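Welcome, and please have your viewer ready. We will go from one selection to the next, and at each stop I will tell you what is there.

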Amino acid sequence: MEKDKLYMHEVATKYRPDVERLAKYIPWLESRLGVLTSSMYKGEGIEVNSISFPVYDATLMNLVKEARQTELLDRNYAYVYSRNRIRTVEAEQLLIERSTIREMDTLKDILSRYVLGGMTKGRLWTEGVANGSILKVICRMKEVLDYWDKPVQ
């Protein structure tokens, strides 16, 4: 039992700095629930001579940049989706709500899907913000760490 508590505190100490870096985006994420954070560039005459491309919100790009500099991302994130049979956003968010400090890797994998997956499919960034999954992951990480250690700033 004592080893479990020690392990939980080690996990909390390990991830605390990274979660604190991302927690500052919580108010922005809350304000963007259900809102698209990208638009298609429609410059003068672009549709005639070229293809249009997405333009993302600057805060979203800062969030992605900071998340990529943390230890909260895992390139093998797809396995958590197959292992837990996650097919819908509702199933994903239910898993987030039920996660404890023991499932911190699951939370990391869900965050990774949106941040790393968005590197090849940019719509994932916008979807993660609009459907609230990125917000819920960061809030749940913060909540779990607050329980096992001092509150996240």
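## Starting at helix H7

Helices (DSSP H or I, at least four residues) and strands (E, at least two) are DSSP runs numbered from the N terminus. The model is predicted, with local features needing pLDDT of at least 70 and side-chain atom pairs pLDDT 80 or more, while totals for chains, interfaces and linings use all residues. Residues are numbered from 1 along each chain as its sequence is written, and side-chain values use heavy atoms, with hydrogens and water left out.

Now colour the buried residues of H7, where buried means under 20% relative accessible area, exposed over 50% and partly exposed in between, with a 1.4 Å probe and protein chains only. The helix is mostly covered, with 12 of its 14 residues buried. Among them are Met104, Leu107, Ile110, Tyr114 and Gly117.

Next, look along H7 itself. From its first C-alpha to its last it reaches 19 Å, close to the 20 Å expected at 1.5 Å a residue; the expected span is 1.5 Å times one less than the number of residues. Centre the view on Leu111 to find a kink of about 25 degrees, the bend at a residue being the angle between axes fitted to the seven residues ending there and the seven starting there.

Where do H6 and H7 meet? Select Glu92, Leu95 and Ile96 in H6, which meet Thr106, Leu107, Ile110, Arg113 and Tyr114 in H7; contact means heavy atoms within 4.5 Å. By class, this contact has 5 nonpolar, 1 polar and 2 charged residues. Ala, Val, Leu, Ile, Met, Phe, Trp, Tyr, Cys and Pro count as nonpolar, Asp, Glu, Lys and Arg as charged, and the others, Gly among them, as polar.

## On to H8

Move to H8 and pick out its buried residues, Leu124, Trp125, Thr126, Gly128 and Val129. They pack against helix H2 (26-31), strand E1 (38-40), strand E2 (54-56), H4, H7 and H9. Just after H8, stop at Gly132, which takes a positive phi of about 85 degrees.

## A stop in H4

Is Glu66 buried or exposed? This residue of helix H4 is buried, with a relative accessible area of 14%. Beyond its neighbours within four places in sequence, Glu66 contacts Arg21, Leu22, Lys24 and Tyr25. Glu66 and Arg21 are 45 residues apart in sequence, yet their C-alpha atoms are 7.4 Å apart in space.

## Zooming out

Finally, show the whole protein chain, with its 9 helices and 2 strands. Its C-alpha atoms fill a box of roughly 65 × 35 × 25 Å along the principal axes. Of its 153 residues, 41% count as buried.
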